[in-house]
Amino acid sequence: MPSIQLHIENGVAQVTLNRPETFNSFNREMALLLQNTLDECGANQEVRAIILTGNGKAFCAGQDLNEVTSPELNPGFRKILEEHYNPIIERIRTIEKPIVAAVNGVAAGAGANIALACDIVVAVENASFIQAFSKIGLIPDSAGTFFLPRLIGFQKASALMMLGDKVSAEEAERLGMLYKVYSADTFIEEANKLALKLAQMPTKALGLTKRLLNQSMVNTLEEQLSVESDLQIEAAESEDYAEGVNAFIQKRKPIFKGK
């Protein structure tokens, strides 16, 4: 079975991490295949939204330690970061389509930070998030030190990263790490419903919104206002905007095409 599964239906691409026997921990093969799959979803005009989830009990346990402790398999940390995780985070943030992390179980280390880099994070009620790096003498990677302080504040992020505390899904929602928590009975249905809703929205504008959010991390207020003006003009020239206005005037549901 491939370590990454891809299923496309109704404009939604479900990308599933598929190494359940290792709690979907990353080896080189899975990391490179995820990059290729995200590229495919980004280029495919039929894909309007993406769900990233895991198969089995875990979302992702981070790095497969068997790989880094086996001399014949270990690619080295520079390759792991520069060729595995950093390119995954860059793709998640630069693909101008909404990406939903559907956290179906434990998300630890790089697995937690990959989830937090997504546009919308939802979790099943028994999921948990762990900045596990300090437990083995490492530092947070996969943009964890970038996103987590911005999501929950510097002090709380510092404590979670240094202490390596397990954060329940309920606590993660309260802290602002994720959007919603769903019961185990409804999780898959609700996550798919959310992604389908996004796929039916004006995804051209959603992609531009994502670009603006990325730039807001580094821009001054004046710079952000300028970029908002430029991208609002681009959005106003889209077919989706024309459709949205016409549908409003005609009192009907709009049919957006992401153009």
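Reply:
**Packing of helices and strands**

Start with two helices, α9 (residues 203-216) and α10 (residues 221-236): their axes lie 10 Å apart, at an angle of about 170°. Axes are lines fitted to C-alpha atoms, for helices over the stretch in contact, and angles run from 0 to 180 degrees between N-to-C directions. So α9 and α10 are roughly antiparallel to each other. The scale is this: under 35 degrees is roughly parallel, over 145 roughly antiparallel, 65 to 115 roughly perpendicular, and the rest oblique.

The model is predicted: local features need pLDDT of at least 70 and side-chain atom pairs count only at pLDDT 80 or more, while totals for chains, interfaces and linings use all residues. Residues are numbered from 1 along each chain as its sequence is written, and side-chain values use heavy atoms, with hydrogens and water left out.

Back to α9 and α10. From α9, the contact takes Lys204, Leu208, Arg211, Leu212, Gln215 and Ser216. From α10 come Gln224, Val227, Glu228, Leu231, Glu234 and Ala235. Contact means heavy atoms within 4.5 Å. By class, five of these residues are nonpolar, three polar and four charged. Nonpolar covers Ala, Val, Leu, Ile, Met, Phe, Trp, Tyr, Cys and Pro; charged covers Asp, Glu, Lys and Arg; the others, Gly among them, are polar.

Now the whole chain. It has 11 helices and 10 strands. Helices (H or I, at least four residues) and strands (E, at least two) are DSSP runs, numbered from the N terminus. The C-alpha atoms fill a box of roughly 65 × 45 × 35 Å along the principal axes. The chain has 259 residues, and a compact globule of that length would have a radius of gyration near 18 Å; the chain has 19 Å, which agrees. That radius is taken over C-alpha atoms, and the globule rule is 2.2 Å times the number of residues to the power 0.38.

Next, the sheets. Six strands form an open sheet, in the order β1-β2-β3-β5-β7-β10, with mixed pairing. Two strands pair if DSSP finds at least two bridges between them. The edges are β1 (4-9) and β10 (180-182); each has a single partner strand, so one side of each is left without a neighbour in the sheet. From one strand to the next, the twist averages 20°.

Look inside this sheet. Strand β5 (residues 99-103) and strand β7 (residues 120-124) run parallel, joined by four bridges. Ala102 has Val122 of β7 as its bridge partner.

Helix α1 (residues 28-43) touches β1, β2 (12-17) and β3 (49-54), and its direction makes about 15° with that of β1. Helix α8 (residues 187-199) touches β2, β3, β5, β7 and β10; its direction makes about 165° with that of β7.

There is another open sheet, of four strands. Its order is β4-β6-β8-β9, again with mixed pairing. Here β4 (58-60) and β9 (166-168) stand at the edges with a single partner strand each, so one side of each has no neighbour in the sheet. Neighbouring strands are turned by 20° against each other on average, direction ignored. Strand β8 (residues 128-130) and β9 run antiparallel, with three bridges between them. Phe129 has its bridge partner in β9, Val167.

Back to α1. It also packs with helix α3 (residues 77-94), at an angle of about 25° and with the axes 10 Å apart. That makes α1 roughly parallel to α3. The crossing is left-handed. Left-handed means that the near helix is turned anticlockwise from the far one by less than a right angle; clockwise is right-handed. In this contact, α1 gives Arg28, Ala31, Leu32, Leu34, Gln35, Leu38 and Asp39. Helix α3 gives Lys79, Glu83, His84, Pro87, Ile88, Arg91 and Ile92. Seven residues of the contact are nonpolar, two polar and five charged.

Last, helix α5 (residues 144-152) and helix α6 (residues 154-163). Their axes come within 7 Å and cross at roughly 130°. They are therefore oblique to each other. This crossing is right-handed. Gly144, Thr145, Leu148, Pro149 and Ile152 of α5 meet Phe154, Lys156, Ala157, Leu160 and Met161 of α6. The contact has seven nonpolar, two polar and one charged residues.
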